[in-house]
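Trainee: I would like to learn how to read side-chain contacts. Can we go through them one at a time?

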Amino acid sequence: MNRIFFMAPDVQSAKRVVDDLLRAGIDRGHIHVIAKDDIPLEDLPAASFFEKSDMAHAVEQGLTLGGASGVLAGLVALTFPAAGLVLGGGAILLATTLAGASIGTFGAILRAVNIPNAQLKEYEQDLEQGRILIFADVANDKVDTVRELIQKKHGEVRDSGVKPRVTHPFP
């Protein structure tokens with residue numbers, strides 16, 4: 001699945017684009033709209049916190065780095081066993097891995113709360129000027145068809161490219 005991006009000049013144009021995306025068979029849950037805070041999106045599908053932040057990337061990093069640190073800590077604990085720790089070697093390794101992954105993920109979430117989504121950085125100037133960003137997650141085989149449809153019907157809307165969809169850990 002890929003994510004296609006369009007930049008609309010105003011809310012009315014964005015509504016027409018979203019309507020055409022829905023008619024093209026894209027589920028409303030796969031369409032996201034972002035605008036400046038002072039622009040009311042009305043009934044447009046506003047992007048969620050997870051779409052606006054870099055949470056997915058941070059959770060992935062925290063889980064990976066924390067889990068690896070936990071494995072390392074468990075191996076160190078097994079290498080230098082204290083009294084009574086030798087018998088529970090597998091349990092110790094599992095516990096330290098889970099603890100490391102949990103701590104790493106929690107720390108990454110705290111860090112990512114205020115970090116904007118890196119994929120959206122290039123659109124900041126347009127958003128500041130009052131334009132509306134629309135992005136939709138589209139099956140790979142429909143990307144070209146959907147882009148052509150929007151370009152053909154909406155001359156005022158700028159096609160802002162296609163990127164791989166970044167998934168987030170929560171539905």
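Trainee: Is Asp126 buried or exposed?

Mentor: First, the ground rules. This is a predicted model, where local features need pLDDT of at least 70, side-chain atom pairs count only at pLDDT 80 or more, and totals for chains, interfaces and linings use all residues. Residues are numbered from 1 along each chain as its sequence is written, and side-chain values use heavy atoms, with hydrogens and water left out. Now the term: buried means under 20% relative accessible area, exposed over 50%, and partly exposed in between (1.4 Å probe, protein chains only). Asp126 has a relative accessible area of 12%, so Asp126 is buried.

Trainee: Which residue forms a salt bridge with Asp126?

Mentor: A salt bridge is a side-chain nitrogen of Lys or Arg within 4 Å of a carboxyl oxygen of Asp or Glu. Here the partner is Arg131, with the closest N and O atoms 2.8 Å apart. Arg131 is partly exposed, at 28% relative accessibility.

Trainee: How many salt bridges does the structure hold?

Mentor: The count is 10. One of them joins the side chains of Glu42 and Lys15, at 2.3 Å from N to O. This pair links distant parts of the chain, 27 residues apart: Lys15 is in helix α1 (residues 11–23), Glu42 in the loop between β2 (31–34) and α2 (49–52). Helices (H or I, at least four residues) and strands (E, at least two) are DSSP runs, numbered from the N terminus. A network of salt bridges links Lys15, Glu42 and Asp43.

Trainee: Where do Arg23 and Asp20 lie?

Mentor: Both are in helix α1, 3 residues apart, about one turn of the helix. Arg23 counts as exposed at 63% relative accessibility. Asp20 counts as buried at 4%.

Trainee: How many aromatic pairs are there?

Mentor: A pair of aromatic rings is described by the distance of the centres and the angle of the planes. Rings of Phe, Tyr and Trp (its six-membered ring) pair if their centres lie within 6.5 Å; planes under 30 degrees apart count as stacked, over 60 as edge-to-face and the rest as tilted. The count here is 2. Phe5 and Tyr123 are stacked, at 5.2 Å centre to centre and 20° between the planes. Phe5 sits in strand β1 (residues 2–8) and Tyr123 in the loop between α4 (89–112) and α5 (124–128), so the pair ties together parts 118 residues apart in sequence. The rings of Phe5 and Phe135 are also stacked, because their centres are 5.5 Å apart and their planes at 25°.
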